[in-house]
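User: Hi! Could you walk me through this one? I'd like to go over how the parts pack together.

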Amino acid sequence: MAQVDAALAEWALDEARRSGATAAEVLCVSAESLAAGVRLGEVEKLKSSRERRLGIRVFVGQSSATASTAELERDGLKDFIAHSVTLARLTAADPWAGLPDPVLHPAHVPDLDLADRAQGIVDADTALKIARTAEQAALKADPRIKNSEGAEFDSGRYQIMFANSQGFAAEYAGTSFNLGVAPIAQDDQGAMQQGYWFTANRHFSKLEDPAEVGAIAAQRALRRLGSRKIKTMRAPIVFDPDMAASLLRALAGAASGPSLYKGASFLVGKLGEPIASPNVTICDDGTIVAGMGSKPFDGDGLATNRKHLVDAGVLKTYLLDTYSARKLKLEPTGNAARSVGDSPTVSPTNLYLKPGSHSAEAIIGSVKRGLYVTELIGFGVNGVTGDYSRGAGGMWIEDGELAFPVQEITIAGNLREMFKSIEMIGSDLRWRSPVVSPTIKIAEMMIAGE
Amino acid sequence: MPMANDLVQPEKFFLNRFGMNQGALEQILGSALERKADYADLFFEYRSAEGLGLEESMVNHTSKAISHGVGVRVCADDRTGYAYSDEVTVDRMGIAAQAARAIADHRTGAHPAVQVGEQMRGHDLYELETSPLDVPLEERARLLREIDALARGYDPRVRNVMASFSAERRIVMIVNSEGRIAADVQPLCRLSVTVIAEDGKGRQVGTFGGGGRLEWKYFLAGERWKEYTIKAARQAIVNLDAVDAPAGEMIVVLGNGWPGILLHEAIGHGLEGDFNRKGVSAFAGRIGQPVASPLCTVVDDGTIASRRGSLNVDDEGTPTTRTVLIENGILRGYLQDRTNARLMKMAPTGNGRRESFAHAPMPRMTNTFMLPGESPPEDIIKSVKHGLYAVSFGGGQVDITNGKFVFSASEAYLIEDGEVTRPVKGATLIGNGPDVMTRVAMVGNDLELDPGVGTCGKDGQSVPVGVGLPTIRIDGITVGGTRA
């Protein structure tokens, strides 16, 4: 079997040139992982994987094609690269296509501590033990925890190698460790509710205590028991940190170059304008050491950076790769994202809402009658218009206290108004995902129920 | 590239391509079963896909992907060991078999040797003479440019058009420890159109598309591509005038076809065997009980020719079937893969599916739809004094355990005094799976299957599916608009 190394990338670039490409770029990913799951104390699944893929983007003048393959033997790869060049020739010449300006490639690729040096793939016995500890803690938490969808511990390691025909070549490795638990609580009437909680980190030693993860998952299931529907009304909405993060993801999607040049975003023409309440500052930072969304260079081979997407409510930048930046006559922002088989797209790196000074309790305490949202389901976010309507669940707030659980309702509004009416921001930012937020309070949204 | 002969005998394709022979397969299955296990299988997959996309009147995206690999699965009681590799070699499969069999904890020496031989025969549902992959790229690109021109000519408010065509060929082979072998060559393609419209007040989006296990000429026949384009453009234009959607519980009429996503979310997932074996579904233990109005009969049918959700055999080699889920309102059946069928002492229903060799199979839907009733759709609209008429939807989702599900309308209208009146903005509808179908008050005589664009996600795995629905009236579901 062929080795995935710098020599293979160099050979592939040469081969593209020999087939008639005027420029080319190679991306190789190799990955290994092990996932171990338990359910009701028993081993349920073990999954081990190993994958290697080579992706290539070739240009013939302003025409390009992308291709990817798992066939890494040079004989087969040679035909494959030649076919990719043929595809490019058949593609329309696009005046904005091409590799980035070579001066923008970083001279030095930083070490962001993305790979755990002390811990590789966690062996099956250890992984099962961690999963079992977490699930046991959930099952023991309360007699009403009667069933479980199990607990799973995953660990993975990947290596990314990137090289293009204008001389930029670099590689890096990353690791990830993830523990999730999903206990089920049941009430006297037989109604069931699931709770889910997880911990994730690039470094094994920084994961949270498995027993605590299990106990939190159990509490999340238990507090949903007895959920009821409420009347249709307008009310203040408090989003817990994970639900608030989903709003940031929607904003990042609308702020991404491809949405903007297609005219498919409610943020078209809003650069430099106020789009959120003045207390809102949102950062995108791809350089955070050991960050879940960090990378030493982006999918175009450009340096990642730290910037304000929104500063004191004003939209300061879009998120751009080389292509969308050229179309919008702006500079790329280091947000090119890449999967092996696709041309670059755009995504945030580590995106977070800058924490405020309020505790989550104080935010809930400020609400006379309103909803604390802890679950959202469905896809009812329209990035073109900003219209927002999603299924929700959580706790009803009465006189500043969590009163009873709520389900089978929707919350609706428009992202434009929602961001402008963020009244309070919590201090409770926790890094478990690339996109994170503290608790936030939105002045008012429509709740549809009975 | 696979040779034509390989595609007639796909099982030979893998043996030739990766230098395997029957003895090697038997040896690897034997190794997988070395400990106390009930069952083992090998899943080989070779997939080639091509896509092209148009933006701003240019076909400026082309892509090609080839992936292949093998997954080794070992089942012991309710435990599953799974290991996969994209290196399809005897050595690598041996390592995978060792990793997968770690699930079975006791060593036994007594498992009878596996003898591979018996073919599992599936249906013959894909009536293709040629693959869309073999249509010249220039011809495919030309159609996308024609779509662009048609959409832009539809209305001066059309601002942008995105169109894409993707096609793939997936060759699979399953060899199991019962000695059975099954193979299939699965074509799939899809044409999608997205239109952005803009007037002085705002912008809106419209989308439409279709596909299936089909030939290229399907899109040209009856100018189907024009229908897709006009529908996408019309939806964007209609939505420019949309008023705020209402909020609260009301009568909702669902149009026929794609709104069948209701069944997929409200009923289908909750009837998948794994959730019911574990007792974590809101439908667990309810077979034989009424869960819908007597007007409702719902089936999952993987055997309809050429459909996106259909398969000759599932990803465990079981031929697909038609399973009655709800019959005249009574819950009748679950969707099963082999493991859950065995553990629940039921028969597999041909619903064991997986996204790729990188995933273990689980019970999944194929094409899920409601059988037609007797009401003409006009009568259903006329019967409603005040309500919502929803004809097009984006995605949906369900919480299996409490049964709450959502699906989001992307084109909907108010019904006032029996007439369809103003368009309303998109809104999410939320309901309770075991309860919503009891509120079905009228079922139309106009069953239609969706045009072939659905993809279902479960536990991180995406598979192509279909849905279908006649026009139906639901007396009370919560509509998540913004207007009180």
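User: How many residues of chain A are in contact with chain B, and how many of chain B with chain A?
Analyst: 61 residues of chain A are in contact with 66 residues of chain B. Two residues are in contact here if their C-beta atoms, placed from the backbone, lie within 7 Å. A word on the ground rules: this is a predicted model, where local features need pLDDT of at least 70 and side-chain atom pairs count only at pLDDT 80 or more, while totals for chains, interfaces and linings use all residues. Residues are numbered from 1 along each chain as its sequence is written, and chains are lettered from A and ligands numbered from 1 in the order in which they are written.

User: Which strand of chain B is joined to strand 2 of chain A, and is the pair parallel or antiparallel?
Analyst: Strand 3 (residues 79-85) of chain B is the partner, running parallel to strand 2 of chain A and joined by six bridges. Strands pair if DSSP finds at least two bridges between them.

User: Nice. Switching to helices: at what angle do helix 1 and helix 2 of chain A cross?
Analyst: Roughly 45°, with the axes of helix 1 (residues 6-18) and helix 2 (residues 74-89) of chain A coming within 9 Å. Axes are lines fitted to C-alpha atoms, for helices over the stretch in contact, and angles run from 0 to 180 degrees between N-to-C directions. That angle makes helix 1 of chain A oblique to helix 2 of chain A; under 35 degrees counts as roughly parallel, over 145 as roughly antiparallel, 65 to 115 as roughly perpendicular and the rest as oblique.

User: Which residues make that contact?
Analyst: From helix 1 of chain A, they are Trp11(A), Ala12(A), Glu15(A) and Ala16(A). Helix 2 of chain A brings Arg74(A), Leu77(A), Lys78(A), Ile81(A) and Val85(A). By class, this contact of helix 1 with helix 2 of chain A has six nonpolar, no polar and three charged residues.

User: What about helix 3 and helix 4 of chain A, how far apart are their axes?
Analyst: 7 Å, with helix 3 (residues 124-140) and helix 4 (residues 210-222) of chain A packing at about 40°. This makes helix 3 of chain A oblique to helix 4 of chain A. Among the residues that meet are Ile130(A) and Ala134(A) in helix 3 of chain A, and Val213(A) and Gly214(A) in helix 4 of chain A. The classes there are 10 nonpolar, three polar and one charged.

User: On to domains. How is chain A divided?
Analyst: Into domain 1 (6-33 + 45-104) and domain 2 (227-450); domain bounds come from an automatic or database domain assignment. The centres of the two domains of chain A, taken over C-alpha atoms, are separated by 34 Å. In contact are 11 residues of domain 1 of chain A and 13 residues of domain 2 of chain A.

User: And what does the assignment give for chain B?
Analyst: Domain 1 (4-240) and domain 2 (247-480). Their centres in chain B, over C-alpha atoms, are separated by 23 Å. Here 38 residues of domain 1 of chain B are in contact with 27 residues of domain 2 of chain B. Strand 5 of chain B gives the largest share of the domain 1 side, six residues.

User: Last topic: in what order do the five strands of the open sheet in chain A run?
Analyst: The order is 11-10-9-14-19, with mixed pairing. Strand 11 (314-315) and strand 19 (435-436) of chain A are at the edges with a single partner strand each, so one side of each has no neighbour in the sheet.

User: Is the pairing of strand 14 and strand 19 of chain A parallel or antiparallel?
Analyst: Parallel, over two bridges between strand 14 (residues 351-353) and strand 19 of chain A. Tyr352(A) stands opposite Val436(A) there.

Methods. Helices (H or I, at least four residues) and strands (E, at least two) are DSSP runs, numbered from the N terminus. Ala, Val, Leu, Ile, Met, Phe, Trp, Tyr, Cys and Pro count as nonpolar, Asp, Glu, Lys and Arg as charged, and the others, Gly among them, as polar.
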